[in-house]
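User: I've got this model open and want to talk through how its pieces pack. Can you take my questions one at a time?

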Amino acid sequence: MSSGQNERREMTGAEMVVQALKDNGVKHVFGYPGGAVLPIYDEIFQQDEVEHILVRHEQGAGHAAEGYARSTGKAGVMLVTSGPGATNAVTPLQDALMDSIPLVCLTGQVPTSLIGSDAFQECDTIGITRPCTKHNWLVKDVNELAAIIHEAFHVATTGRPGPVVVDIPKDVQFAKGIYVPPQTAPRTSYQPKVQGDLEKIKAAVELMANAKRPILYTGGGVINSGPEASHLLRELVDLTGFPITSTLMGLGAYPASGKNWMGMLGMHGTYEANMAMHDCDVMVCIGARFDDRITGRLTAFSPNSKKIHIDIDPSSINKNVHTDVPIIGDVGRVLEDLVRLWRATAKADKKALHPWWEQIAKWRARDSLAYKMNHDVIMPQYAVQRLYALTKDMDTYITTEVGQHQMWAAQHYHFEKPNRWMTSGGLGTMGYGLPAALGVQIAHPDALVIDIAGDASVQMTMQEMSAAVQHEAPIKIFILNNQYMGMVRQWQQLLHGNRLSHSYTEAMPDFVKLAEAYGGHGIRCEKPDELDDAIKEMISVKKPVIFDCRVATLANCFPMIPSGKAHNEILLPDEATDEAVANAIDAKGRELV
Amino acid sequence: MNAQLQPTGSAYFIAKETEKPETHTLSVLVDNEPGVLARVIGLFSGRGYNIESLTVSETEHEKHLSRITIVTRGTPHVLEQIKHQLERIVPVHRVVDLTVRSHELGQDRPLERELALVKVAGTGEGRVEALRLADAFRASVIDANTEHFIFEITGKGSKIDQFIAIMKPLGLVEICRTGVAAMNRGPQGM
């Protein structure tokens with residue numbers, strides 16, 4: 001809290017907004033001005049405690065705030081005007097909702113007297129954002145404004161984090177009222193349960209101690225719970241000797257170099273992780289939600305296991321998969337109890353796990369992420385591997401867009417720490433990565449921030465290059481350019497008779513010239529033996545870089561569990577012949593997403 | 001051991017529903033603030049749940065608390081999801097599945113009552129018959145002239161259904177129903 005002396009005092013609504021941001025520890029706001037937020041922008045102009053980052057489109061502000069939030073663990077804040085400003089914020093709001101990212105979105109609104117009159121730049125912001133926020137507020141009385149903003153931060157950051165919207169009519173911004181500092185007493189109806197039920201945790205320890213084929217399946221909840229949760233997770237793995245896999249969202253909670261690490265699971269996860277999920281006898285799901293990209297066909301999902309599920313959101317329990325031992329609470333708190341009880345009562349019989357580890361070693365020997373190296377053309381997997389090799393010892397943060405490149409990044413870039421990996425998991429928002437990288441760079445000015453991008457996704461929010469140049473954020477946009485919407489094409493090949501309907505981008509911009517046009521630096525690389533030098537050049541340039549990495553155009557992303565199939569029906573790269581691919585998905589599977 | 005539960009409304013899981021749907025009555029205690037009802041019904045439409053009846057009114061004025069009674073239909077698994085999803089809404093204080101609660105209390109179902117206003121127009125024999133039947137149903141006349149009656153009837157939904165069906169050939173003009181109000185028997189609160 002920056003100002004301890006903020007006793008109740010009179011100020012305008014616009015002043016309150018800025019004061020409330022300060023009192024909630026906000027240093028950066030991503031936004032775009034407009035008619036209905038001018039009074040707030042006027043206040044921002046007259047101070048320098050809260051820095052405003054001007055984007056080029058409100059969607060960019062939202063994703064930048066998400067990247068900021070994900071890499072710091074703090075709330076990301078965006079400020080946009082009414083009408084189109086608010087509607088442009090909808091995509092990042094839904095993105096943050098699905099990935100549980102604390103995002104506070106302040107929107108301007110037409111004056112209260114004009115609400116409902118179809119005024120210029122009016123929209124029903126609260127109605128539009130109701131299903132894509134954890135909660136939202138329309139402030140009609142300036143005397144409630146401060147308390148509402150404080151509550152918004154509280155709701156966004158506690159329990160299962162998520163996005164919130166505070167809609168502030170312009171007359172409320174001008175009106176004078178009494179400012180109240182943040183209160184500790186939250187409203188009575190909102191009290192998330194953080195401490196897990198000890199009896200349930202005991203039952204979990206007992207199940208785990210007797211497991212012969214256990215697996216830890218972790219997710220973004222571990223990262224959301226804070227660094228202590230990741231620390232405890234590592235301790236739990238060491239104590240139990242269990243193999244561990246993670247969802248896309250949870251990468252980095254357990255180090256990829258750890259000896260118990262099996263790689264990511266799910267639709268494009270490793271063979272060993274998916275087979276171990278299928279054959280395990282005890283599954284410990286920690287801060288993950290049995291998403292359809294993880295489970296494959298539900299009726300064939302891990303048929304012989306007892307399942308323990310740790311989640312802060314009771315609605316995640318039994319939503320898709322029946323759980324034998326549900327534990328509702330914050331991952332960090334629950335793991336604390338779990339580790340303590342394990343130490344006190346369970347003797348880790350790591351010998352008993354030997355046959356299980358031997359089986360895993362056999363699966364691992366299939367080397368499911370292997371690909372055919374090519375000496376003339378850059379394979380996309382190779383590009384990510386070289387990027388990893390040349391940046392892993394630096395202070396690196398990775399964001400991605402959505403598609404094949406995202407999966408290759410998840411497979412071949414290895415994360416040692418939490419909060420280093422920012423990707424759009426639940427919503428799958430193409431265009432997420434570039435603005436997210438901007439947000440990350442603002443939070444970590446001296447770090448190396450790389451957006452591993454696809455040529456199609458990156459063009460959805462390319463305009464934020466201009467914001468990066470303005471704010472001297474030296475983000476690196478590493479485009480795996482295959483001229484296609486690769487994942488769309490991969491599905492068309494699998495599901496639609498190889499009819500590549502509109503997945504080829506016939507007119508591609510010259511990314512090098514584009515970078516230069518924005519005032520950044522452009523690099524193009526087409527040969528595998530030139531790649532290392534080009535990546536080193538990218539790292540050394542101290543301004544935004546667009547790296548046009550021309551990769552094999554028709555490479556596809558494997559392994560892959562086709563929609564509607566079970567974990568043990570995973571397609572491996574060396575098995576993915578045209579015939580196998582053609583027969584992989586039956587008519588029923590074709591209806592699935 | 002691993003009975004998989006089938007979520008509804010998703011194209012991803014086309015497996016057949018094996019659980020049988022049931023009708024349950026939920027009581028939801030909420031802060032009476034703008035938009036709270038929209039949050040509740042938006043949840044039902046957004047996630048593909050059913051609403052068979054919905055009743056809402058402020059019940060504790062000084063605390064600004066409203067009680068929403070929802071009759072919904074789904075499999076036990078979906079009904080559990082509905083309860084948890086409702087509990088996630090920030091201004092929601094408590095959600096009680098009155099049907100489940102009544103089973104826990106050893107009862108068949110919660111107490112449920114509905115009020116209906118039923119307008120019947122006619123003269124002669126039909127009119128006499130309508131009045132006689134209303135009397136049998138313990139419906140009271142709250143407005144009348146020589147050509148019509150408005151009956152007020154309170155009771156279980158099935159009783160009101162029956163009353164309306166009987167009135168149909170006797171000159172039924174219009175019906176207004178409040179939806180279900182419900183609570184559990186016994187001394188305990190929700």
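User: What is the handedness of the crossing of α16(A) and α17(A)?
Analyst: This is a predicted model, so keep that in mind throughout. Helix α16 (residues 380–391) of chain A and helix α17 (residues 404–412) of chain A have axes that come within 9 Å. As for the hand of the crossing of α16(A) and α17(A), it's right-handed.

User: Is α16(A) parallel, perpendicular or oblique to α17(A)?
Analyst: Two packed helices are described by the angle between their axes and the distance between the axes. For α16 and α17 of chain A, the axes cross at roughly 50°. Roughly parallel needs an angle under 35 degrees and roughly perpendicular needs 65 to 115. That makes α16(A), relative to α17(A), oblique.

User: How many charged residues does the contact of α16(A) with α17(A) have?
Analyst: From α16(A) come A:Pro380, A:Gln381, A:Val384, A:Gln385 and A:Tyr388. α17(A) brings A:His405, A:Trp408, A:Ala409 and A:His412. By class, this contact of α16(A) with α17(A) has 5 nonpolar and 4 polar residues, and the charged count is none.

User: Over to α1(A) and α2(A): are they parallel or oblique to each other?
Analyst: Helix α1 (residues 13–23) and helix α2 (residues 38–45) of chain A have their axes 8 Å apart and pack at an angle of about 55°. The crossing of α1(A) and α2(A) is right-handed. With that angle, α1(A) and α2(A) are therefore oblique.

User: How many charged residues are in the contact of α1(A) with α2(A)?
Analyst: On the α1(A) side you'll find A:Ala14, A:Glu15, A:Val17 and A:Val18. They meet A:Pro39, A:Ile40, A:Asp42, A:Glu43 and A:Ile44 in α2(A). The residues of this contact of α1(A) with α2(A) divide into 6 nonpolar and no polar, with the charged ones numbering 3.

User: How far apart are the end C-alpha atoms of residues 11–126 of chain A?
Analyst: An unreviewed UniProt entry labels residues 11–126 of chain A "domain: Thiamine pyrophosphate enzyme N-terminal TPP-binding". That span is 44% helix and 19% strand. Its end C-alpha atoms are separated by 25 Å.

User: And how far apart are the end C-alpha atoms over residues 201–338 of chain A?
Analyst: UniProt, again in an unreviewed entry, has "domain: Thiamine pyrophosphate enzyme central" covering residues 201–338 of chain A. Over residues 201–338 of chain A the chain is 36% helix and 20% strand. The end C-alpha atoms there sit at a separation of 6 Å.

User: How many charged residues are on the side of domain 1 of chain A that touches domain 2 of chain A?
Analyst: Chain A is divided into domain 1 (9–179), domain 2 (198–364) and domain 3 (380–550). The C-alpha centres of domains 1 and 2 of chain A lie 37 Å apart, and 6 residues of domain 1 of chain A are in contact with 6 residues of domain 2 of chain A. By class, the domain 1 side of that contact has 1 nonpolar and 3 polar residues, and its charged count is 2.

User: Which peptide bond in chain A is cis, with omega about -5°?
Analyst: Most residues other than glycine have a negative phi, and most peptide bonds are trans. The cis bond joins A:Phe558 and A:Pro559.

User: Where does A:Ser100 lie?
Analyst: A:Ser100 has a phi near 55°, a positive value in a residue other than glycine. As for its place in chain A, it's in the loop between α5 (90–99) and β5 (103–109).

User: In chain B, which strand gives the most to the side of domain 1 that touches domain 2?
Analyst: Chain B is divided into domain 1 (22–104) and domain 2 (111–183), and 8 residues of domain 1 of chain B are in contact with 7 residues of domain 2 of chain B. On the domain 1 side, β1 (22–31), β2 (53–60) and β3 (65–74) of chain B each supply at least two residues. The one giving the most, with 3 residues, is β2(B).

User: How much of residues 25–100 of chain B is strand?
Analyst: Chain B has 5 helices and 9 strands. Its residues 25–100 carry the UniProt annotation "domain: ACT", from an unreviewed entry. Over residues 25–100 of chain B the chain is 36% helix, and the strand share is 41%.

Key:
Residues numbered from 1 in each chain as written. Chains lettered and ligands numbered in written order. Predicted model: local features only at pLDDT ≥ 70, side-chain atom pairs only at ≥ 80, totals over all residues. Domains from an automatic or database assignment. Contact = placed C-beta atoms within 7 Å. Helix = DSSP H or I, 4+ residues; strand = E, 2+ residues; numbered from the N terminus. Nonpolar A, V, L, I, M, F, W, Y, C, P; charged D, E, K, R; others polar. Axes fitted to C-alpha atoms, helices over the stretch in contact; angles between N-to-C directions. Parallel < 35°, antiparallel > 145°, perpendicular 65-115°, else oblique. Left-handed = near helix turned anticlockwise from the far one by under 90°. UniProt positions renumbered as here; feature names shortened; annotations may be inferred.
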